[in-house]
Amino acid sequence: MYINDILRKMGFSSTTYSEVIITLTKGGEKYSMPIGVKYLRKRFEGRIYRKTRIADIILSQPEKISVCVTRDPIIFYRAVLEKEKLEYIEVSHYEAPCIVGCDACIICNIESISETNEWLRIVLNPVHTVIYNVYPRPFHRVEYGIVEALVYYTKLPYVDRATAEKYYNYILVFRETVYRSTTDKKYRAIIDKIVAKAKEVLNKR
Ligand SMILES: Cc1cc2nc3c(=O)[nH]c(=O)nc-3n(C[C@H](O)[C@H](O)[C@H](O)COP(=O)(O)O)c2cc1C
């Protein structure tokens with residue numbers, strides 16, 4: 001099957017953002033960050049906020065870049081708040097980094113980068129796909145709740161005080177979603193940590 005067909009079967013599309021984790025190597029170090037991508041003209045397109053660390057690394061020509069596909073909220077949480085806890089494997093032949101535990105890894109080349117004051121727009125050309133998990137996964141609200149809370153948490157430093165308070169209140173609603181949808185202590189602990197970290201960011205402003 002052509003890579004284009006595989007990616008479409010995975011759910012990548014030109015109309016809907018797919019939330020993935022971009023992973024790259026530069027000078028022997030590995031970096032990861034969640035990002036939303038659209039799949040247009042057989043390429044991934046995404047926008048990276050210039051204030052993130054990955055924006056600088058992308059501009060300094062990373063050696064390898066891959067897109068990790070997962071629904072695991074713990075991997076998303078680590079990719080934002082505990083990056084040092086992410087573990088990596090290398091995809092053989094390509095020596096590209098892939099996060100341990102993700103469902104698939106798509107090795108890419110950077111096709112182009114364009115810059116504005118605030119954003120980098122990157123276009124990635126997918127060259128190879130490795131699928132680790134072939135089992136269909138049911139939709140879990142806990143995944144939605146944690147990932148959505150992380151999205152608003154990462155926006156907090158860049159918005160005005162009133163918007164930051166609004167986002168903090170959203171995070172409290174996502175905490176409700178998580179608590180209602182699981183009794184698993186590890187998920188509940190994670191959403192509580194996001195709430196606590198969000199409160200810290202809010203108090204510092
Ligand atoms: C699901 C999800 C999607 C995200 N999508 C983007 C995105 O498309 N572009 C972006 O710049 N930041 C996005 N973020 C926020 C970054 O991941 C976050 O700012 C980053 O982890 C910061 O990394 P740093 O601490 O290395 O600078 C997203 C976060 C989450 C949780």
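User: What makes two strands count as paired in this predicted model?

Analyst: Two strands pair if DSSP finds at least two bridges between them. The model is predicted. Between β2 (29-40) and β3 (43-49) there are four bridges, and the strands run antiparallel. Four meets the cut-off of at least two, so β2 and β3 are paired. One of the bridges sets V37 against G46 in β3.

User: How do you know that β1 pairs with β2?

Analyst: Nine bridges join strand β1 (residues 18-26) to β2, again antiparallel. The cut-off is at least two bridges, so β1 and β2 pair. S18 stands opposite V37 of β2. The β1 and β2 hairpin has two residues between its strands, and G27 in the turn has a positive phi of about 55 degrees. In the hairpin of β2 and β3, also with two residues between the strands, R41 has a positive phi near 50 degrees.

User: Why is the ligand said to lie between domain 1 and domain 2?

Analyst: Both domain 1 (3-131) and domain 2 (141-204) give residues to the shell around the ligand, so the ligand lies between them. The shell has 18 residues, the closest being P34, Y49, T52, R53 and L150. Elements giving two or more residues to the shell include β2, β3 and α4.

User: What makes I22 a contact of V67?

Analyst: Contact requires C-beta atoms within 7 Å. I22 touches V67, and also S32, M33, I35, I54 and I65, not counting residues up to four places away in sequence. I22 and V67 are among the residues with the most contacts inside the largest nonpolar core, which has 51 residues. Helix α4 (residues 141-155) gives the most to this core, with six residues.

Key
Residues numbered from 1 in each chain as written. Predicted model: local features only at pLDDT ≥ 70, side-chain atom pairs only at ≥ 80, totals over all residues. Core = buried A, V, L, I, M, F, W, Y, C linked by C-beta atoms within 7 Å. Buried ≥ 20, exposed ≤ 12 C-beta atoms within 10 Å, placed from the backbone. Contact = placed C-beta atoms within 7 Å. Near = placed C-beta within 6 Å. Domains from an automatic or database assignment.
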